[in-house]
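Me: I have a model open and want to go through some of its packing. Can you take my questions as they come?

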Amino acid sequence: MYIVYLIVYGLILTAVLGLVASWIDRKITARIQYRKGPPFFQPWIDIVKLLGKETIIPSGASKAVFIITPLLGFGSVVMVSTLLWANNNLLFNSFLGDIIVVIYLLAIPSIAIMIGGFASGNPLGRIGASREMKLLLGYELPFILAILVPIIKSGFALKLADILSFQAQNGAFALQASGILALVAAVLCIQAKLGLVPFDIAEAETEIIAGPMVEYSGAPLAVFRLTKNMLLFTLPFFLIILFLGGFNFDGIHILYSVLKYIAILLIITVIRNTNPRLRIDQAMRFFWGPVTGIAVVAVVLAVIGW
Amino acid sequence: MSLKLRALLKSPWVFHLSTGSCNNCDIEVLDCLTPRYDIERFGMLLAPSIKHADVLLITGSCNRKSVIRLKRLYEQAPQPCLVVAIGECSMSRGMFIHSYNCPVPLDKIIPVNAYIPGCPPKPEAIIMGAVKLIQKVKGTL
Amino acid sequence: MARSVIPIGPYHPLQEEPEFFTLTVDGETVVDIEVNLGYNHRGIEKLSERKTFDQSTFVIERICGICSTSHPFAYTRAVEDVIPVEVPERAKYIRTIIAEGERIHSHLLWLGLAGHFLGYNTVYMWVWKLREEILDVMEILSGNRNNYAMFKPGGVRRDIKEEDIPVVMRKIDSIIPTIDRLKKAILDDPVLHVRLKGIGVLTKEEAINYCAVGPTSRASGVARDVRKDAPYGAYDRVEWDMIVTEHGDVFDKAVVRILETYESIKIVKTCLQNLPGGDIDLNIKDIPPGEGIGAHEAPRGEVFHYVRSDGTNRPARHKVRAPSYMNIPTCQATVIGETISDATIILAAVDPCYCCTERMAVRDSKGARLYDTKELIRLSQQKTERIKRKMGIK
Amino acid sequence: MTREDVLKGLQERFRDDIIDLYDRSHKRVYMEIIPDALPRVAMYIFRDLGARFNIASGTDTRTHMEILYHFSLEEINLIISLRVKLDREKPAIASIAKLIIGANWIEREMYELLGIQFIGHPDLRRLLLADEWPRGVYPLRTDYEEWDKSAVRDRGV
C-alpha cells in the first residue's frame, strides 16, 4: 500500500504540481518584466527535450558519480513529498521524529548539486559547488530554528501528524506573533534553498556560467531541473504544513489550501524579481545576521507562549 | 517526426556565439529577449553553457582565432544541434571578405541550417528566420 | 587555499563579444588578470586602404555596433582636417543630433546589461524596453536602428525632414518620465549601493597614468571631454554641462552615464528646435596629399582617427584608436584584489566594446598557446597543478 | 600655459633633437625628432606638460618606416604629433612603455603588424593575429601579399 502511495502521491502528483508551479513562477516573472511569458506546457516540453538530448560526460569527470548524483537528489525529493502527503492526508500514523528526517532529506538535493559540481572536473563547477556549500551553511541554522517554533508551540511534538492535529484544534501557528516571525525567516531560507535570484549565487549565470550545472547536458540535466521544480512545490508545502495547517480537500477548504500555496509562491517570485544577486559573503552575513535574529526572537516568543 | 524532435522545436535553447562580429547582430539577438519581441513565448531561452544549447546563433565573419574556438564548441554542443548564421558577416563575411584575418566563410567550416540576412537583421527578421528554421526541420517549409 | 585559474570567455554569457579574461584566483579573490583578445580582429585598417575615401565610411561604421556613428564622425573630421575645410551649419546640427541619439541608446544599453550582470533582470528588461523608443527615433531620422550611414566626408548623406521633427520631439518627451523613474529605482536601491559602491576603484592618478578616456576617467575626477575641450559640430552652440564625479568606483561610472543621458536628451532637443537651413554637403571632389587627425567623444570615450592621403582617392594610411583600447587596461588596476563575483561587473563597468578594440594585446607575460574552452579548462588545471607545485616548493 | 609657451619650451629644451617643427594650424603641431631622443621628449611632454598620450600610429611608406606619437593637451586644445623616421628593413626604436603604461599595447600592435622592434619593452609578444600566422609576415606593410592558399576570396556567386 505504501508503494502505491509513494508512486502516486510522491512522484507523479508532486512532479505535476512542481512543473505547474515553475510555469507560474516563469509567467509571473515575465509579466513583471512586461513580457508575455512561456506557454503552459513549457516546463514539460523542456524536460522531455532534455531527456531526448545526447548526454556528454566530460573526460576530466569521474563518470559514475557524475551520473548518479542527479538521481540522489531526485530520490530524496520524492521521499520527502511522500512523507508530507502521507501526513497531510492522515492516511497512516507516521513514526516519531519524522520532522528531523524531512529536514535531512531536504538538505540532500543541494548536497547532490555540490557533488555534481565537484565531480564535473570543471573549475567553474568547483567554484559553484563551494559557493553552494557556503550558502548551505548560511541558511541551515535559521531554517532549523524557524522549524523549532511549531514544535515548541505544539507541546514538543516531533511528529508532523501531531502538529497538524494541534493546529486543527486551536488555529494555525501563523496567527500568533512567533509563528509569523518564524514563517518570514523560513520563507527567506527556502528562497536560498531553491536557489532563486537574490541567493542564486551558486549558479550565477553571468559569473560562473551555470555553476555546478556547467558540464551537465541531456538526461542528468533534465533530472536536476525536475528536482528543482519539485522542490519548488515541496518546500512551500512543508511550510504550509508547519505554519498554516496543511491542505485539506473537503469542500471550501480546497480553495483555502490553493490560496495558501499561491500566496507563498507569489512571495517567492516577487522577492526574486525585485532585487539583484547578492555576493556570497553578503548573503552569509544576511543569513547569520538578521534572519537568525528573527528566528531566535520567534523561538523565545514561542517558549514564552505567544 | 519523433517526440524528441517535436519537443526540441517547441523549446529550442539558444546559445549565442560571436566570431569577430561588430556586435550589432549580437545586440539584435539580445533585443529578441526584451519585452517588445520576447522569444520566451516560443520557449526559447538563452542557454548559459554550451552543454545546454540546442540552437547555435553564430554572428561575425569568422576570424582566424575564433575559428579554433568555433570548431571546439560545435563538437561540444550535444546533438541534435541546429546552426543559424545571423547577419551578412556570418553568411558571406560581408564587407570583410578581403580581410587578411577572415580567410574562410562560415558554411565552409560547419554545416549551417538557416541564414538570416541583414546588417544588422531586425529582431522581426531573426524571429522570422527561427520560424522558417522550425518549419524546415518539420518539413513543412 | 590553492590558486585556481578561472577563464571568463571567450564564449561567456556575460558579454556579447568574445573577449577572454583569465583570472588567477586565490579562493574568491582575484590575484592576477590576463586579457587576451584578437577574436574580433578583422584588419579594418588594411581594408580601408583598399577603399576610396567615401566607401571606407561604410567599413568604418561596422567597426562597432553600439558606437556605429562615432567612428564615421571622427573619420570624416579627420578627412576634413586633411583639406582643412568647414562643414555647413545644418550638417553640423544633424551630426550632433545623430551622435547624441546614439549616446542615449548606448548608455541605456550598458545600464540594461549592468542590471543583467548583477542578476537584476527586471532592470535589464525595463531599460531595454525603453531603449526601443530611442531606436525608433533613430529609425525615423536615419532609416535604420543602428548603422545609420548618415556621415560623409564633407557633410551628411541624408537630411532630416521637417514633418519628422514633431514626431521625434514627442517620442523623446515620452521617455523622460520613464528615465526619471529608472534613475530613482537604480540610484536609490540599497542593495545596488551595497553591491556597486566601493568596488573596482580607479583613482585619479591611475586614470591619468593609464590615459583612460570617457566616462571611465570622468568617474575618477579627470575632467576631460572632447566636446567641451575642442568644441566641434553644434556642441558649442548648445549649453550643456560635463558630468564629473570623484570616487571612481562602479557606482560612480553608472551615475556618470545616467546623468550624461539627460544631457544628451537636452542637446538633441535644443538642436532639433533650432535646426538652421542651408545645404548639407560640400561635395568634396579631390583630397590633397597630407595628414589629418579627427577625434569625437564616443559614448565610451574619445575616438581617434588619423588619415594620411597621398593625393590618390584612397587613404594611404588609416589609423583607428577606439576608446576601450585605453580603458580596458585599467582592469589591471581595478580588478586585482576583488572577488570573482565583483570582477565580472568591474570588467563590464568600463563598458568595453571589444569589436572596436580588435587590436588589444595580452597584458601578462606568459604567452602560452591558448586553446578552446575545454582545453582552456584542462590547460588551467595543469596551470593550477604547476602553481600548486610551485607554491609547495617555495 | 598658452600655446606659445609650450612651443617655445619645446624648441629651447630640445634644440638639437628637433629636425623640423611644422605648425600646421592652431590645433595641430607636427614635430619631427631624431629617433633616440624619443624617450626624453615623450617624458617631457607627458610628465611636465601634463599631456595625455593619445596613440601612436605606424606607417610604412615606400622609402622608410614612420611612427607618429600623438599627445593631446586638452586645456589648450592642441595635439602634438612627434614624427620619427626609421629605416624600412630593420626598424627599431626605444620603447616608451615603461614610462607611459598606455603605450604598452600600441607598441605590441606595431611590432606585430608592421615588424618594428621596440627595445626595452616589458613583454613584446604577438597578440591579435592567430598562432598559425607565419612569423615575419607583416600585414600592414605595403608589400604584403596573401600567404594563405586556402583563403576563399570570391563570393562564389
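Me: How many bridges join E6(C) to strand E7 of chain C?
Reply: Nine. This is a predicted model, and in it E6(C) and E7(C), the latter covering residues 301-309, run antiparallel.

Me: What stands opposite Gly292(C)?
Reply: Val307(C), which belongs to E7(C).

Me: In what order do the strands of that sheet come?
Reply: The order is E6-E7-E8 in chain C, three strands forming an open sheet with antiparallel pairing.

Me: Which are the edge strands?
Reply: Strand E6 (290-298) and strand E8 (315-321) of chain C, each of which pairs on one side only. From one strand to the next, the twist averages 15°.

Me: Which helix packs on the sheet?
Reply: Helix H3 of chain C, residues 70-82. H3 touches E6, E7 and E8 of chain C, and its direction makes about 150° with that of E6(C).

Me: Switching to chain A. At what angle do the axes of H5(A) and H7(A) cross?
Reply: Roughly 150°, and the axes come within 9 Å. Helix H5 of chain A spans residues 123-153 and helix H7 of chain A spans residues 177-193.

Me: Parallel or antiparallel, then?
Reply: Roughly antiparallel, because the crossing angle is over 145 degrees. The crossing of H5(A) and H7(A) is left-handed.

Me: Which residues make the contact?
Reply: On H5(A) they are Leu135(A), Gly138(A), Tyr139(A), Pro142(A), Phe143(A), Ala146(A) and Val149(A). H7(A) contributes Ser178(A), Gly179(A), Ala182(A), Ala185(A), Ala186(A), Cys189(A), Ala192(A) and Lys193(A).

Me: How do they divide by class?
Reply: The contact of H5(A) with H7(A) has eleven nonpolar residues, three polar and one charged.

Me: Now between chains. How do the axes of H2(A) and H1(B) cross?
Reply: They cross at roughly 125° and come within 8 Å.

Me: Last topic, chain B on its own. In what sequence do its elements run?
Reply: From the N terminus on, α-β-α-β-α-β-α-β-α. In total, chain B has five helices and four strands.

Me: What is the radius of gyration of chain B, and how does it sit against the globule rule?
Reply: The radius of gyration of chain B is 14 Å, close to the 14 Å that the rule gives for 141 residues, so chain B is as compact as a globular protein of that length.

Me: What box do the C-alpha atoms of chain B fill?
Reply: Roughly 45 × 30 × 30 Å, taken along the principal axes.

Notes:
Residues are numbered from 1 along each chain as its sequence is written. Chains are lettered from A and ligands numbered from 1 in the order in which they are written. This is a predicted model: local features need pLDDT of at least 70, side-chain atom pairs count only at pLDDT 80 or more; totals for chains, interfaces and linings use all residues. Axes are lines fitted to C-alpha atoms, for helices over the stretch in contact, and angles run from 0 to 180 degrees between N-to-C directions. Helices (H or I, at least four residues) and strands (E, at least two) are DSSP runs, numbered from the N terminus. Angles under 35 degrees count as roughly parallel, over 145 as roughly antiparallel, 65 to 115 as roughly perpendicular and the rest as oblique. A crossing is left-handed if the near helix is turned anticlockwise from the far one by less than a right angle, and right-handed if clockwise. Two residues are in contact if their C-beta atoms, placed from the backbone, lie within 7 Å. Ala, Val, Leu, Ile, Met, Phe, Trp, Tyr, Cys and Pro count as nonpolar, Asp, Glu, Lys and Arg as charged, and the others, Gly among them, as polar. Two strands pair if DSSP finds at least two bridges between them. The radius of gyration is taken over C-alpha atoms; the globule rule is 2.2 Å times the number of residues to the power 0.38.
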